[in-house]
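Here is a short tour to follow in your viewer, one selection at a time.

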Amino acid sequence: MSFFVIKSSMNKDEFRHKVFSLSERLYPMVCRLLGNTANAEDAIQEIMMKLWVRRKQVGKHPNITAYVFLTARNYCIDLLKKKNLPIDAAASQLRLLESDNRHDELEWRELNALIYKILEKLPRQQQDVLIMRDIDGCEFAEIAATMQLKVEHIRVLLSRARKQVGLELETIYSNERRGN
Amino acid sequence: MKEEEIENLIEKYKAGTSTLDEEQFLLEHTKDSESAMGVWFEFAKKQKREVAEGFSDTLWQSFQNRKAKRRRLWIGAMSVAATVLLLIAFLIDVPKPQELSYHQKEALLAQALDLLADAEEAKSEENIIYENELIIIYTSWE
């Protein structure tokens, strides 16, 4: 005789292993969206609290990672709305970088400004995908879940964005070389 | 890794088919002076947010504390609510039946007396002269 036990919700250990462990993957995106590292840790805890309350639903979801990423993004957007802050395209959420020793301050600042300009010219979806992949280091499945698009579509958007960035930088470089 | 291999990897990168590990390799091994793409890699590398080692574990501890604190708060709030409800239940006055004022009582009594007076009057209108088991003889004003 055998018994089948149907588990309706995940326990603490399962939650830690399957859901909470994604905190590390969420962190760069949440940080960028909220523009502050201290807020990001707090936000991740709140997101996890929401997911803990809904652990029954989360446990049944066919794609837990997708569910967690989407919840996180929605939480950040709601938070920005509550604070009456604009929900910008990804490029304007990037930090202004300081120069390092390898770069001349002015040259580095110019370069940064150029890259921001190139990014801002990209269509919004391409911008978001490029930044989620190259800066937040997200997997394709995670990006697809957050943007509610298919992985193949994400690859196409990403490829277009990367090619465009390469092309624009190439043009600037070749003009510079010609100028020199 | 040879230059040619890096070139191939960049092609893969542009096609959107490279893995995260391959992209990490590119970010670390392409110098910005070498190619236009290198400038982007340099920028992306600097924009990346480092996640501290053991981030999830540290956060898990504070998550547990937060959960416990929230549970205590919840229990506290519920007990306060229960106490308040109990107090309200005791304090609420059960409405007593409305009492009549002295004047209203007086008026009611007068009304009742009036009715009685009518009845007596009606009775007195029939003036019995003789009465036995078979017959009643009376006078009336009608």
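This is a predicted model: local features need pLDDT of at least 70, side-chain atom pairs count only at pLDDT 80 or more; totals for chains, interfaces and linings use all residues.

**Stop 1: the largest pocket**

Start with the largest pocket, which has a volume of about 450 Å³. To centre your view there, select Arg25(A), Asp136(A), Gly137(A), Gln24(B) and Lys48(B), the closest to the pocket centre among the 22 residues that line it. Now show the elements that give two or more residues to this lining: α2 (23-34) and α7 (124-134) of chain A, together with α2 (20-29) of chain B. Which element supplies the largest share of the lining? That is α2(B), with five residues.

**Stop 2: chain B as a whole**

Next, select chain B on its own. Its secondary structure comes to five helices and two strands, and reading along the sequence gives the pattern α-α-α-α-α-β-β. Of the 142 residues of this chain, 23% count as buried.

**Stop 3: a nonpolar patch**

Select Ile129(B), Tyr130(B), Leu134(B), Ile135(B) and Ile137(B): they form a nonpolar patch with about 540 Å² of accessible area together. One of them, Ile129(B), is found in strand β1, residues 127-131 of chain B. Is Ile129(B) buried or exposed? Its relative accessibility is 58%, so Ile129(B) counts as exposed, the cut-off being over 50%.

**Stop 4: salt bridges within one helix**

Over all chains, the count of salt bridges comes to 14. Begin with helix α3 (residues 36-47) of chain B, where Glu42(B) and Lys46(B) lie four residues apart, about one turn of the helix. Their side chains meet in a salt bridge at 2.9 Å, N to O. Glu42(B) counts as buried, at 4% relative accessibility, while Lys46(B) is partly exposed, with a relative accessible area of 22%.

For another example, go to helix α1 (residues 12-18) of chain A, which holds both Glu14(A) and Lys18(A), again four residues apart. In this salt bridge the closest N and O atoms are 3.4 Å apart. Here Glu14(A) is partly exposed, with a relative accessible area of 23%, and Lys18(A) is also partly exposed, with 38%.

**Stop 5: a bridge between distant parts of chain A**

Select Lys121(A) and Glu168(A), which form a salt bridge whose closest N and O atoms are 3.3 Å apart. This pair links distant parts of the chain: Lys121(A) lies in helix α6 (residues 105-121) and Glu168(A) in helix α9 (residues 151-179), 47 residues apart.

**Stop 6: a network with residues from chains A and B**

Terms used
Residues are numbered from 1 along each chain as its sequence is written. Chains are lettered from A and ligands numbered from 1 in the order in which they are written. Side-chain values use heavy atoms; hydrogens and water are left out. On a 1 Å grid over the protein atoms alone, a cavity is a set of points where a 1.4 Å probe fits but cannot get out, and a pocket is an open set with protein on both sides within 12 Å along at least five of seven lines; lining residues have an atom within 4 Å of a point. Grid points are joined across faces, edges and corners, and a volume is the space filled by probe spheres set on the points. Patches are made of residues with over 30% relative accessible area and no salt bridge: like charges are joined within 9 Å, nonpolar side chains (Val, Leu, Ile, Met, Phe, Trp, Tyr) within 5 Å. Accessible areas come from the Shrake-Rupley method with a 1.4 Å probe; for residues, only the protein chains shown count as cover. A salt bridge is a side-chain nitrogen of Lys or Arg within 4 Å of a carboxyl oxygen of Asp or Glu. Buried means under 20% relative accessible area, exposed over 50%, partly exposed in between (1.4 Å probe, protein chains only).
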